[in-house]
Structure formats: structure tokens, C-alpha cells
Amino acid sequence: MKLTSHMRKLALGATALSSLALLGTALPAAAAIKGPIKIGVIGEASSVAGAAIINASKLAAENINAHGGINGHKVEVITYDDHSSASDAVSAFKRLATQDKVDAIVGSYMSEVVLALEPWAARLHMPYISPGAASTKIPLQVHEHYNQYKYTFQGWLNSAFLAQSVCDFTKDVFVDKYHMKTTVIMSEDAAWTAPLDATYKKCLPKVGVKVLDEIRFNPDTSDFTPIFNKIEGLHPDFITTGISHVGVRPTVQWHDQQVPLAMTGISSQASTSTFWKDTNGAAEGVLTQTGATPTVAITPKTIPFAKAYAKAYGDSPSYVGYAAYDDVHVIADAIKRANSTNPDKIVSAMEKTDYVGTVGRIQYYGKDSIYAHGLKYGKGLVTGLFIQWQDGKQVAVWPDKLADGKIKFPSFVKLPTATH
Amino acid sequence: MVAIQILIDGFVISALYGLGAIGFTLIFGVTGVLNLAHGGIMVIAALVGWYAANQFGLDPYAAAAVGVLAGMIAAFITYFVVIRPIQQSRTIPSDETEIFILTGTLLWGVMIQEGLAYLFSDNPVTMKPLLPGVVYILGDRTPINEIMIGILCWVVIGLLWLVVYRTKIGKPLLAASENPRALGLLGFEMSRIYLFSWAIYGILAGVAGVLLASFLGVSSASAGSLTASAFSIVVLGGLGSVWGSLIAAYVVGYLETITAYLISPQLRPIPALIVLVLVVYLRPQGILGRR
């Protein structure tokens, strides 16, 4: 009995010891990566930009897996359609976190939707990045409530930087080359255009352009004649746009009515290759800031991605597509460096991101910046570029080192002085 | 020159509204159906026409014809798949048929909208102008296409008048809207009259959709608002009254245009909606309504 009891004790001790030993090895293993890495993707499948989020994320996962996955683990993408509705997006987000148990989420290009998701990323401790939403409120919330909101990242330039790049372009091209001096701002009424217009109004005068008026219109507007009529009545040299939800209608009506003013600024839909077909070529001469184009090698990754995208889906990724592709890679890179799927570890690894993507060198602002976790803007990082639609093609026209063509305006556009 | 611009723009917008609403009111007058898939049918015509132009390189007129044909086919499908089975159902009590048709066409409209969004995305598309270029009318720069659209709308409305008042095949339509039972007793084949009115309806909705796509652009998301706009114009004009609808279309069209030009484009639909509310309060039968 004694012996057996002793033996039992021994056995127990051994089991305890061995389980402790097992635990010892198991603990870090549990915090490290187990099974495939799941990334949730939310986008509106029936909009050009939303479809680009879904398509580009899938391509990114394929690319990562083709290169051996993340530390040997495959990447899986789980997608949901949010119909660009905040409540659908929140349900998808919760489902991805609680049922699909994803490790991070990429989703939505609409600021209104992203602002609704941000608190959920905080509550569910879910690393989340938006590939297109530009409102400055998104990073501001991260800055003000860092401990709760640190899970959200902004994967594309915020409105203040978008406006700044428009001003930089305006200075180099419209002011210096074409001697234009006055403009009217024409923006859709949306969360992302409030900081955009505010920056326009600050930075345009600094580059020597007087803002005659700011016209904000309802994104549901179908007839733009009264708006163009009002703008023409103010006699500006050009129009500065802030449009994304709308694009086809103002462009076609500008062309059909032969509004004699050049249009520049942000016209997100003009960044997609289908825009030419959607407008029956009325896009001729339209200028917009965008992330990348299929023909300009901003980095060695830009053109191969655009080619792969065109091969798989038949058109070019919109600015959101490039950003979503990079975002999935940034998450994968962070998980690889953290060697963990722990959300806090992913977040701190993402904060240290220094990754060359398709749109440039990607880094994020720190928590002390009002743009905390927002994509850094600047030379050598991400600046975006300006394209102009010419004869069915997107031609890069600015900055000079990325340009593959020269600016040309349709014959109905009147320029203040003929310098060319 | 804002006055001239308001005059021209208001005229064309109103003509388009009128053309869109006239089919809606005709089909109600003749067959008693309030077709809440109306906007969807207009959008089908526009998107199919646009697609045909892009895919097969058709010229704007051929593409418009394809679009109108698609509108007519969509109207027939609406009738045969959604409306007739409800009208002939023995399990639906006859006094509830109208409510079932209302619900059926509403759901059908949603299905059309979602289906089109899936196939074509919800991005607006525009068809090529029938005539490109601009003309100056008293110093006001107007696209030739816009004037052409205004004229075409009235040509189609004129043709409809000719068919209904001057042809043997059209006159029974008028009679059916007055008293369908008497017409049946006189030995007219009601099913043929219904078929004919759905064909006319499809053409009207198709032309309106195609012209709208060439003027302002159309997307799958437009379906709901197009139905709502036709519905409110028809209520304002008096349900079933073609002339009432035309007058109402001009009231709404000009009110919207004046608001957009002189007050703010953002407030565009508001005054017309206020007028609609007032009419429902003060004259529920509408401008030219019979009851």
C-alpha cells in the first residue's frame, strides 16, 4: 500500500511536473500563432470602391500565401457586404469578431461608416484599418482616447492631407503654369469633406488662390445645372472639387453643358478605370488626386499589383483597392513581427510599421499626434499623385517625377492666359 | 440670365417627370394597378440601353431603342409574373387583391433594384447624348441634347394622345378607364386591352428611363426615388388623370427648378413636398381627380 501510495504520489508529482513543463511550452505557444490567420474584410460589393476593398484583400491574401504565409501560417480572408450602411457594417464587424474569430479587420471607405465601427474596434479589442475613410475625426478619437481607441488605423490619407496635396498641385500647375488666381470649392456634403474644405480654405490662399465661394451640395443631387450656373456666375478661374459619393453626374453634366472651367481636386470615382465608360468619355480633362495608377511605378509593387488586379477582375483598382492591398500586407507584417495574434501586440507592431506598399512607404503617426494611427503624408512616404483623364486613359501629370504625360484641357475649357 | 435658364431647365425636367408619371397613371386608370416597381422598370431600360451601347458599340439611337424594348419586356414580366397571378389567385380574397398587388410590386421593385445593383453596381451611368454640343438661347448656353429631350417627351405624349383618342385599338383604353365592366359586357376582350396597356406603359416608362439616363444619369439606387416622384406627381394631379399628371409634373418640375436656382440646390425637393402635403389636406382628389 505504502509503496503504491508512494508511487501514486510520485506519479502525481510527475504528472504535475510534466503538465507544468507542458504549460511552460504551451503558454507562449497559445499567445503565438495557431492555425490560419483570419482577416475580416467589409465592403459594399455593389459600389466600385467597396468591391475594390474585397477584391484587393483577396489578392493580398493570395500573394502572402504564395510567399509562404505569415511565419508559415496561411492567411484566410472572410468578407461581408455592408451595403455602405453603418448598421450593416457594425453587424458584420461584430460577427467577424465573435463568430468568425478573425485576428484583424480591413473595411469600409466611408467616414460615416468607419466612425460607427471605431467604438466597436475599441470594445472588441479588434485591430481595424480603413482603406479609404478620410475624416480627421477618426485619428483624432485615437489621439484623445488612446487606451480605448488604439485599435483603429487609417489606411489612407486623411482629408487635411488630401486637401494639402491639392493645394501643392494647384501651386505648381494652376498658379505657376496657368496663372490661375481664383476658385470656387464644390464639395459633397459628407463627413470627409468638412475637414477637406476647411483645409482648402486655409491652404489655397497660401498658394495665391482666392476662394470666391464654397458650395456644398447633397450627395443625392441629380441635376447639377443650377450649381454650375452659380459657380459660373462668380467667374472663378477653376473649380476645386471634393467629390466621392458622386462623380459620374457632375462630370457628365460639366461636359455636356460645356462649363468652361477646369476641374481639379478630389474626384474619387475618377480614380477607377471604369469611370471613362460610366461617363461615356465625358471624363476627358478631369483632374483628380489619387493613390496610384496602373502605369506609374510609385514603388516596385504598384504595377505588378495593378496587373494582377486587372487580370483577376477586368478593371483597375480604385485608390481604395491599392490601400486595401497594402493594409492586408501591413497587418500580415505586424503579425509576423509580433509573432502573435494578440490584439495589443498586433497594434503595437502596427504602430512600428515601416513598409513599402503599392502607394509608397507606409508609416503611421504616433499617439501624441492629432492624426494618431493615420497614414503619414510627405515626400519619401505617401504623397499620392494627380491624374488626368485623356483619351480614355489615366495620365499621371503631377508630381513631375511620377508624371507620364502633360496636362491637356478639353476645347470648351477657357484658360485665363494661353501660356502653351 | 437665370430666368431663361430656369425656364428651359424647368421645361425639360417637367417634361421628363410628366412622361414618367403618365405611364404610371395610365396603368392605374385602365387596369387599377398601382405599380410600385415603376422606377425599377425605368432603370432597367436605362441600364440595358447603356450596357448595349458600351458592349456592342451601338449608336445612341439604337441603344435607346434597345433600352425601350427592355423597358417593355420588363413591363410584361411585371404583369405576367407578379400582377396577373395575384389578380387570378383564388386564395386571395378579392377585396384584398389591391393590397397584395401593392405589396407584390413593391417587393418586385426591391428585387429589381438589388438585382441591378448586383449586375451593374449602384454607380450612376449616363447614356451618350442623342445630339452632342450646345446652343445659345438668348445668351444662355444649353446642351442641344436637353432641348431634344424636351421635344421628344412631348412628341411621345402627343403620340399617346393620338393612339388613345384617334385609333380603334386605343379608344377602348379610354373606355376601360371609365368603366371596365361595361366594356366587358359589350364583348371586348379585357385581357387584350390589359396587354395593350402594359405594352404602352412599358414603352412610356422605357422612353422616360432612357431619356433620363441621357440627361441626368441613372443608377440602380434611383429606382425608389423615381417611383416616389411618379407617385407624388400622380397623387398631386389626381389618380388616373393623365392631364392632371402633366399639370402636376410641371408644378413640381418648376417648383424644384426655381428652388434650386434661387434658394439652394440642397432644398430642391422641399417646396414640392409641402405642396403635396397641402393638396392631400385640402383637395385629396388632386388637381384633376374625379372623386
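Modeller: A:Ser108 sits in the loop that joins β3 (104-107) to α4 (111-123) of chain A. Helices (H or I, at least four residues) and strands (E, at least two) are DSSP runs, numbered from the N terminus. The model is predicted: local features need pLDDT of at least 70, side-chain atom pairs count only at pLDDT 80 or more, and totals for chains, interfaces and linings use all residues. Residues are numbered from 1 along each chain as its sequence is written, while chains are lettered from A and ligands numbered from 1 in the order in which they are written.

Phi of A:Ser108 is positive, near 60°. Most residues other than glycine have a negative phi. A:Ser108 has 31 other C-beta atoms within 10 Å, so it is buried (20 or more within 10 Å; exposed is 12 or fewer, partly exposed in between; C-beta atoms are placed from the backbone).

A:Asn339 also has a positive phi, near 50°. Its loop runs between α13 (319-338) and α14 (343-351) of chain A. With 15 other C-beta atoms within 10 Å, A:Asn339 is partly exposed.

The peptide bond from A:Trp398 to A:Pro399 is cis, with omega near -5°. A:Pro399 falls in the segment after β14 (393-398) of chain A.
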